[in-house]
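Here is a short briefing to read with the model open beside you.

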Number of protein chains: 2
Amino acid sequence: MESSSATSGASTRREATRQKLYEAAVTLIAEQGFSATTVDEIAERAGVAKGTVYYNFASKSVLFEELLRHGVGLLTASLREAAERTEKDGGTKVAALDAMIRAGLVFIDRYPAFTQLYVAELWRTNRAWQSTLLVVRQEAVAVVEDVLRGGIENGEFSEEIDVPLTAAALVGMVLVAALDWQAFQPERSLDDVHAALSRLLQGRVSGRP
Amino acid sequence: MESSSATSGASTRREATRQKLYEAAVTLIAEQGFSATTVDEIAERAGVAKGTVYYNFASKSVLFEELLRHGVGLLTASLREAAERTEKDGGTKVAALDAMIRAGLVFIDRYPAFTQLYVAELWRTNRAWQSTLLVVRQEAVAVVEDVLRGGIENGEFSEEIDVPLTAAALVGMVLVAALDWQAFQPERSLDDVHAALSRLLQGRVSGRP
DNA sequence: CTATTTGAACTGACTGGTCAGTGCAAAAAC
DNA sequence: GTTTTTGCACTGACCAGTCAGTTCAAATAG
């Protein structure tokens with residue numbers, strides 16, 4: 001009654017293969033894109049037979065959609081946790097944003113392929129998983145928006161800032177800087193990158209230190 | 001019929017079909033991605049025969065590579081022009097950055113499909129046009145880096161800022177904010193979006209106006 | 001303890017369809 | 001007369017998805 005024929009529980013074996021398939025798919029799709037990646041490749045990289053892919057997922061697109069949900073779930077959890085931790089410690093909203101920048105960098109550092117893939121697919125239209133993407137995007141950006149709104153309420157931020165736009169810009173700033181870091185200067189430390197973005201966030205670009 | 005006129009020695013007719021093919025390809029690839037877009041589709045959308053595509057371009061990838069070069073050429077020219085215009089008018093480096101943000105927004109507003117496609121392909125690896133992308137990326141980011149370095153030299157910016165990283169972050173900020181604007185709040189005006197990003201650039205997020 | 005049963009998990013050869021790229025003769029444009 | 005475009009049939013590679021058959025570990029029986 002434990003592993004097979006479990007009533008609602010996920011059999012361990014099955015979960016393990018799904019995990020292997022996620023890992024294989026995320027790398028390949030990040031490198032080549034969804035359409036250029038074949039199911040055979042994914043199966044081979046995961047070390048399973050092609051049939052297993054279809055035993056575990058209804059189709060190639062479904063595998064991809066579930067992969068997206070899974071990954072963004074991890075990201076938003078991590079962002080939200082960072083913001084809440086800072087606020088509980090009595091930090092300012094700027095400190096919360098800063099903590100979220102760091103959390104974002106940590107995430108991208110740990111899952112670079114997922115981030116790549118996410119950015120590459122985010123603004124495509126006319127695709128099967130469009131609706132999934134929209135939901136998933138909103139979840140991530142909403143975390144940042146919440147902090148911005150909180151900051152306006154308590155007077156820490158100007159009432160004139162445009163919440164959705166500023167949130168998107170901040171996300172973009174971190175995303176692109178981090179992808180560049182990974183792709184073109186991987187030797188830099190996370191602290192280094194974080195410091196540069198912190199400075200930009202706090203408007204300490206102009207003027208001497 | 002001869003609206004574009006003969007700019008260079010190339011035959012006008014040929015240039016016109018190439019232009020039509022660029023326009024058709026950029027939309028389709030932005031929507032669906034490179035691999036999911038077929039040559040037949042491109043030809044049909046451009047209103048030419050499939051054979052014409054191969055008469056004008058060696059292959060589907062070559063068409064795409066030339067499209068990339070063409071588009072990024074337009075972008076960098078526009079950015080550089082904005083920076084130089086501001087500097088000639090005796091503006092500060094911050095003003096130059098601001099002008100480039102606006103130029104970036106104008107470009108994205110005019111060529112949204114190209115921007116989409118560029119972002120989607122930029123961080124992919126293992127693709128045929130990888131080297132083209134690298135060159136083309138460097139050209140665009142370099143314009144921003146130059147302004148930052150100029151600002152450090154004349155004391156307007158802190159010596160501690162990390163030029164390549166800050167440049168990437170700024171590009172990302174504009175890119176992502178603009179794509180979000182296009183995709184999710186297209187009714188907003190360019191001035192509106194520009195104002196929000198300006199505020200972020202100048203660190204006027206915290207504090208009341 | 002060993003033998004047998006069960007069924008979820010997995011396999012990989014196979015199928016039907018798609019698509020990049022070719023070849024070419026004839027038409028159109030210049 | 002030359003360049004460019006057309007139309008269309010054709011090929012060969014590639015690929016998503018299928019399915020009949022196999023594996024194996026836990027459950028049950030003897």
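How many salt bridges are there between domain 1 of chain A and domain 2 of chain A? The count is one salt bridge, and in this predicted model the partners are A:E66 and A:R18, with their closest N and O atoms 2.7 Å apart.

**The two copies**

- Domain 1 of chain A covers 9–57, and domain 2 of chain A covers 61–201.
- Their centres, taken over C-alpha atoms, are 26 Å apart.
- Each domain brings 13 residues to the contact.

**What the domain contact is made of**
- About 1200 Å² is buried between domain 1 and domain 2 of chain A, with 77% of it on carbon and sulfur atoms.
- A:Y22, A:V26 and A:F34 supply 48% of the area that domain 1 of chain A buries against domain 2, more than any other three residues.
- Two residue pairs are in polar contact across this interface.
- Helix 1 (residues 12–32) of chain A gives eight residues to the side of domain 1 that touches domain 2, the largest share.
- That side of domain 1 of chain A has nine nonpolar, three polar and one charged residues.

Conventions:
Residues numbered from 1 in each chain as written. Chains lettered and ligands numbered in written order. Predicted model: local features only at pLDDT ≥ 70, side-chain atom pairs only at ≥ 80, totals over all residues. Heavy atoms only, no water. Domains from an automatic or database assignment. Contact = heavy atoms within 4.5 Å. Buried area = accessible area lost by both parts, 1.4 Å probe. Salt bridge = Lys/Arg side-chain N within 4 Å of Asp/Glu carboxyl O. Polar contact = N/O pair within 3.5 Å; in protein donor to acceptor, adjacent residues only side chain to side chain. Helix = DSSP H or I, 4+ residues; strand = E, 2+ residues; numbered from the N terminus. Nonpolar A, V, L, I, M, F, W, Y, C, P; charged D, E, K, R; others polar.
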